Amino acid sequence: MSKATCLPAVAGLALCATGAMAQDSVLQVLTYDSFVSEWGPGPQIEAAFEERCNCDLQFVGAGDGAALLARLQLEGPQTDADIVLGLDTNLTTAARDTELFAPHGVKADLSLPIAWDDNEFLPFDWGYFAFVGNAGDDAPTSLQALADSDVSIVIQDPRSSTPGLGLLMWVKTAYGDDAAGIWEGLADNVVTVTPGWSEAYGLFLDGEADAVLSYTTSPAYHVIAEEDDSKVAWAFDEGHYMQVEVAGKLAGTDQPELADEFMNFIVSEGFQRVIPTTNWMYPAVTPEVGLPEAFGDLITPSEALLLPPTEAAELRSSALDEWRAALSQ
């Protein structure tokens with residue numbers, strides 16, 4: 001990371017290019033690949049923040065959401081990242097256990113459907129997991145009905161992907177001790193398991209499966225970006241598991257003031273207005289312009305399912321074992 005550039009002392013004075021220091025300050029944000037893609041939020045957010053910070057904001061993609069935690073655990077205090085953006089509540093307990101994060105200190109009027117009180121992890125968007133299929137196809141009305149059907153699906157690996165892990169928590173929350181049986185039924189439906197969301201959604205769009213694990217908001221993308229209303233999210237009777245995506249400031253950052261500025265920027269209009277039509281999620285703070293019209297046509301889950309972070313962490317290992325056992329048969 002750039003530091004002040006000082007010329008040799010002349011007449012007892014060190015000449016430092018302080019202007020260059022500010023201009024060359026680098027803030028590195030570790031996030032998931034789709035966030036930094038050309039169609040994701042990254043490019044717009046980078047341009048908007050650099051206008052105000054007189055700095056170089058660098059987004060670094062590291063696979064899908066769950067892969068961020070694995071990379072952070074591997075790098076530890078030696079990480080070059082200043083901020084991690086893209087974990088969710090299923091991972092925050094494990095992330096906190098690394099002791100790499102510092103309090104963010106941000107005060108914001110969040111528009112989440114749940115109460116939020118976490119001084120280390122700051123929400124930047126949220127949504128509900130759902131299976132997305134083609135309009136007109138017979139749609140299962142529950143996870144059990146999906147498991148009993150011959151509908152083909154593409155899902156993501158819970159060890160590398162937050163949607164994949166979210167599905168594990170969805171099944172576990174809705175079915176408890178019967179979760180293993182649901183996975184045994186779903187195993188025949190699964191065409192393939194991908195490392196991340198982008199690969200899975202691409203296979204679905206290519207016609208490789210009848211449906212894909214995604215979000216209730218995914219059809220809005222097709223309506224707004226493509227004027228295509230042929231994709232629908234299936235409403236399930238047991239409810240839908242919620243995802244809250246968060247950012248955290250690393251305690252070892254050598255740009256603490258710049259990191260604080262970015263954390264505050266996350267809940268500002270300049271960041272939040274970009275989220276609905278680039279990350280295709282609900283913003284953590286509703287923009288002044290409101291949500292796109294197409295969001296008003298999305299399904300509303302009959303019940304919002306979400307485990308507290310500590311419970312999600314406790315169930316993760318057993319849920320993963322159930323998933324692995326079913327899909328290995």
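Residues are numbered from 1 along each chain as its sequence is written, and side-chain values use heavy atoms, without hydrogens and water. In this predicted model, local features need pLDDT of at least 70 and side-chain atom pairs count only at pLDDT 80 or more, while totals for chains, interfaces and linings use all residues.

With a disulfide taken as a pair of cysteine sulfur atoms within 2.5 Å, the count is one disulfide. Cysteine 53 and cysteine 55 form the link, which is left-handed. Both cysteine 53 and cysteine 55 are buried (under 20% relative accessible area, 1.4 Å probe, protein chains only).

The whole structure holds 22 aromatic pairs, where rings of Phe, Tyr and Trp (its six-membered ring) pair if their centres lie within 6.5 Å. One aromatic cluster is formed by Tyr32, Phe35, Phe49, Phe59, Phe124, Phe262, Phe265 and Phe271.

Helices are DSSP runs (H or I, at least four residues), numbered from the N terminus. Helix α7 (residues 162-175) packs against helix α13 (residues 309-327). Axes are lines fitted to C-alpha atoms over the stretch in contact, with angles from 0 to 180 degrees between N-to-C directions. The two helices are therefore roughly perpendicular (65 to 115 degrees). Residues in contact, with heavy atoms within 4.5 Å, include Leu165 in α7 and Trp323 in α13.

| Pair | Distance | Angle |
|---|---|---|
| Cysteine 53 and cysteine 55 | 1.9 Å between sulfur atoms | -85° about the S-S bond |
| α7 and α13 | 9 Å between axes | about 95° between axes |

Conventions:
Buried means under 20% relative accessible area, exposed over 50%, partly exposed in between (1.4 Å probe, protein chains only). Rings of Phe, Tyr and Trp (its six-membered ring) pair if their centres lie within 6.5 Å; planes under 30 degrees apart count as stacked, over 60 as edge-to-face and the rest as tilted. Angles under 35 degrees count as roughly parallel, over 145 as roughly antiparallel, 65 to 115 as roughly perpendicular and the rest as oblique.
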